[in-house]
Amino acid sequence: NPKQKKAGLVEIRIVLPHDDPEATPAEWVWAKPLGNAEYEVRNTPFSVFGLAWSDRVRIEKRDGVPTVIEVVRRSGESPYRVFGSRNEGVSKVKAALNAFSFWFDCRIVRMVGNSWAIGVSSEANLDGVESVLRKHRDSGLWKSEVGFRFGSKRNKGKSRFRWAPGE
């Protein structure tokens with residue numbers, strides 16, 4: 001993408017687990033080079049649980065490709081995924097997400113079809129966020145998943161990545 005390259009961003013690879021033969025083998029995200037093999041993630045990942053906008057990661061070249069090997073510092077943002085119902089059109093899901101973004105400090109990106117990545121600020125009320133996501137899920141508008149709830153005791157400060165570096 002010329003806009004990202006002009007901003008000095010590069011694409012880095014996150015290798016996903018091999019336990020699902022139909023799954024995507026890797027996700028690519030835009031990142032800002034910081035030096036010493038560290039990069040700052042500059043978009044909200046969709047397929048990877050446990051990585052968020054502005055997280056700092058370390059990479060190493062594998063087969064000539066910059067590949068994430070660890071998270072160095074968390075940004076505090078909590079990523080979520082939303083999958084619009086097959087019965088609901090994109091415009092209805094988008095309207096609900098626009099209202100959602102009005103109430104919560106978040107970044108919403110349409111991925112493919114009726115799938116959306118949401119990055120919620122560390123300042124947001126995460127219980128409120130999850131309550132609204134559940135309300136729309138229960139109404140049949142969408143399914144949603146928590147990628148990583150920053151600061152949650154459930155996570156104990158660790159990533160819920162479903163990948164292991166080097167796989």
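The protein holds three helices and nine strands. Helices (H or I, at least four residues) and strands (E, at least two) are DSSP runs, numbered from the N terminus. Read along the sequence, the elements follow the pattern α-β-β-β-β-β-β-α-β-β-α-β. The model is predicted: local features need pLDDT of at least 70, side-chain atom pairs count only at pLDDT 80 or more, and totals for chains, interfaces and linings use all residues. Residues are numbered from 1 along each chain as its sequence is written, and side-chain values use heavy atoms, with hydrogens and water left out.

Of the 167 residues in the protein, 44% are buried. Buried means under 20% relative accessible area, exposed over 50%, and partly exposed in between (1.4 Å probe, protein chains only).

Four strands form an open sheet in the order 7-8-6-9, with antiparallel pairing. Strand 7 (106-110) and strand 9 (142-146) stand at the edges, each with a single partner strand, so one side of each is left without a neighbour in the sheet. From one strand to the next, the twist averages 20 degrees. Axes here are lines fitted to C-alpha atoms, for helices over the stretch in contact, and angles run from 0 to 180 degrees between N-to-C directions. Two strands pair if DSSP finds at least two bridges between them. Strand 6 (residues 78-84) and strand 8 (residues 115-120) run antiparallel and are joined by six bridges. Phe83 stands opposite Ser115 in strand 8.

Strand 6 also contains Arg81. Arg81 is buried, at a relative accessible area of 9%. Its side chain reaches the backbone oxygen of Phe46 at 2.8 Å. This is a polar contact, a pair of N or O atoms within 3.5 Å; within protein, one must be able to donate a hydrogen and the other to accept it, and residues adjacent in sequence count only if both atoms are side-chain atoms.

Glu40 counts as buried, at 14% relative accessibility. Glu40 and Asp55 lie 15 residues apart in sequence, yet 5.7 Å apart in space, C-alpha to C-alpha.

The lining of the second largest pocket draws its largest share, three residues, from strand 7. By class, this lining has five nonpolar, three polar and three charged residues. Ala, Val, Leu, Ile, Met, Phe, Trp, Tyr, Cys and Pro count as nonpolar, Asp, Glu, Lys and Arg as charged, and the others, Gly among them, as polar.
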